[in-house]
Amino acid sequence: ADPEALARNAGDAWMATQAPEAVFYPEDTESVVRLVRWASQARVALTPRGAGRGYVGGCVPIRGGIVVNFSRMNRIREIDPRDGVAVVEPGVITAQLQEAAAKLGWYYPPDPASASESSLGGNIATNAGGPRCLKYGVTRHYVLGLEVVLADGTAIRVGGRTHKNKVGFDLVGLFVGSEGLLGLVTEATLRLIPRPPYRVCAAAIFPSIESAAGCVEEIFGAGLLPSALEVADRFTLERAREFCPEPIPPGEAHLLVEIDGHAAGVEAELESLLPILRRSGAGEVQIGRGEEGCDPLWRTRRAFSLALKASGLTKLNEDVVVPRGRLVDLVRLGSEIELRYGFPVACFGHAGDGNIHVNLMIDRSQPGMEERAQEALDLLFRQIVAWGGSITGEHGIGIAKKRWWPLAASPAVRALHEHLKQALDPEGLLNPGKFV
């Protein structure tokens with residue numbers, strides 16, 4: 001109950017904060033079980049917390065109670081190359097698992113931009129994605145089994161360590177992406193794959209964001225499947241040029257393409273890729289080969305969000321997803337919002353799967369700015385849904401997107417969520433005050 005601990009556990013990377021009444025730091029599953037049993041009997045709210053890197057207030061304890069901070073359950077219990085699995089506790093940082101697997105020649109592909117900070121438990125809670133989802137899939141595709149403590153303190157195991165398992169309902173899938181509303185994950189068995197031995201990156205500068213987005217369609221049309229396809233617009237590049245130590249050539253848009261696999265195949269794909277970039281309008285193209293060549297290009301990409309924050313404006317980061325054929329329409333929508341509401345809109349992200357981070361860059365000191373920002377978000381989300389897209393691809397609903405939850409899900413779908421919540425948490429004690 002130390003005041004500093006309460007303050008540290010009051011919020012995440014979003015703007016909302018609420019201090020809990022206490023913070024609990026479990027070190028094993030049994031201590032979680034004891035706490036949850038007590039909280040169930042005492043009717044005390046429990047809010048699970050990973051590393052606090054979420055963007056939607058998902059771990060903010062807005063009903064008070066106890067934050068269950070999993071940072072001390074941070075052990076990699078096992079990496080087994082024979083079975084192709086890793087067994088981890090929820091507090092393990094994503095990059096730590098990636099590095100440990102890589103030393104053995106294995107690979108954990110889910111790669112959120114916050115991999116060096118975000119925990120695997122948080123990744124599981126939000127079904128986190130990242131740049132390499134295009135080729136390798138999201139967190140859900142790598143979760144084989146879970147140990148979960150339910151709202152009454154019952155510890156269950158769902159799934160296992162086999163790569164195929166069709167026994168009963170897909171309960172693993174039920175808990176992945178459930179944002180801490182249905183149970184507390186205390187252990188995860190994750191799928192690993194052999195590490196690709198070689199990779200190449202091409203960072204291309206385009207005269208417009210539309211031409212960069214159009215190039216994405218051309219790449220797929222040529223039958224290529226890169227491991228990552230990342231795009232960024234003019235405003236993002238301007239801020240990054242001020243912020244990043246690595247030089248970024250002049251231009252209005254940036255496209256980063258990564259290809260991985262065996263060296264001969266990767267080089268052959270690169271030979272097919274370069275003419276496509278040129279035909280689509282690319283000017284300067286930087287090529288990086290292997291870890292040494294690719295890492296500087298990725299450092300620039302991973303710095304985009306930090307560069308926008310360093311602008312001094314408040315960044316409203318919306319992780320929308322559109323069908324890939326709507327990618328050009330989405331970047332044009334960003335320009336329309338910028339013109340209509342009078343603040344910059346920075347678009348960057350995962351062009352390969354249509355998951356673009358549309359960042360409203362607002363000056364909160366200006367009169368009426370909050371109202372204009374909410375109107376802009378209404379326009380953005382309504383159009384996204386009208387196109388058959390999603391209002392969130394990897395951050396979740398949390399608090400930040402509660403307002404648009406009824407827009408994104410039909411009454412029948414919302415009722416189904418409520419039935420599941422009632423069945424697993426009838427007293428509503430797990431992460432209360434969120435979207436269900």
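A pocket, as the word is used here, is an open set of grid points, found over the protein atoms alone, where a 1.4 Å probe fits and protein lies on both sides within 12 Å along at least five of seven lines; its volume is the space filled by probe spheres set on those points. The model to which this is applied is a predicted one.

The second largest pocket holds about 510 Å³ of space, and among the 23 residues that line this pocket, V176, G177, S178, E179 and H417 are the closest to its centre. Two helices, α6 (171-175) and α15 (411-424), each contribute at least two residues to the lining of the second largest pocket, with α15 giving the largest share, 4 residues.

Helix α7 (residues 209-221) and helix α9 (residues 263-279) have axes that come within 10 Å and cross at roughly 145°, and the crossing in which α7 passes α9 is right-handed. On the α7 side the contact is made by C215, E218 and I219, and on the α9 side by L273, I276 and L277.

According to an unreviewed UniProt entry, residues 15-195 carry the annotation "domain: FAD-binding PCMH-type". In the model, the end C-alpha atoms of residues 15-195 lie 38 Å apart, and the span is 22% helix and 24% strand.

Technical notes:
Residues are numbered from 1 along each chain as its sequence is written. This is a predicted model: local features need pLDDT of at least 70, side-chain atom pairs count only at pLDDT 80 or more; totals for chains, interfaces and linings use all residues. Side-chain values use heavy atoms; hydrogens and water are left out. Axes are lines fitted to C-alpha atoms, for helices over the stretch in contact, and angles run from 0 to 180 degrees between N-to-C directions. A crossing is left-handed if the near helix is turned anticlockwise from the far one by less than a right angle, and right-handed if clockwise. Contact means heavy atoms within 4.5 Å. UniProt positions are given in the numbering used here, feature names are shortened, and annotations may be inferred rather than shown by experiment. On a 1 Å grid over the protein atoms alone, a cavity is a set of points where a 1.4 Å probe fits but cannot get out, and a pocket is an open set with protein on both sides within 12 Å along at least five of seven lines; lining residues have an atom within 4 Å of a point.
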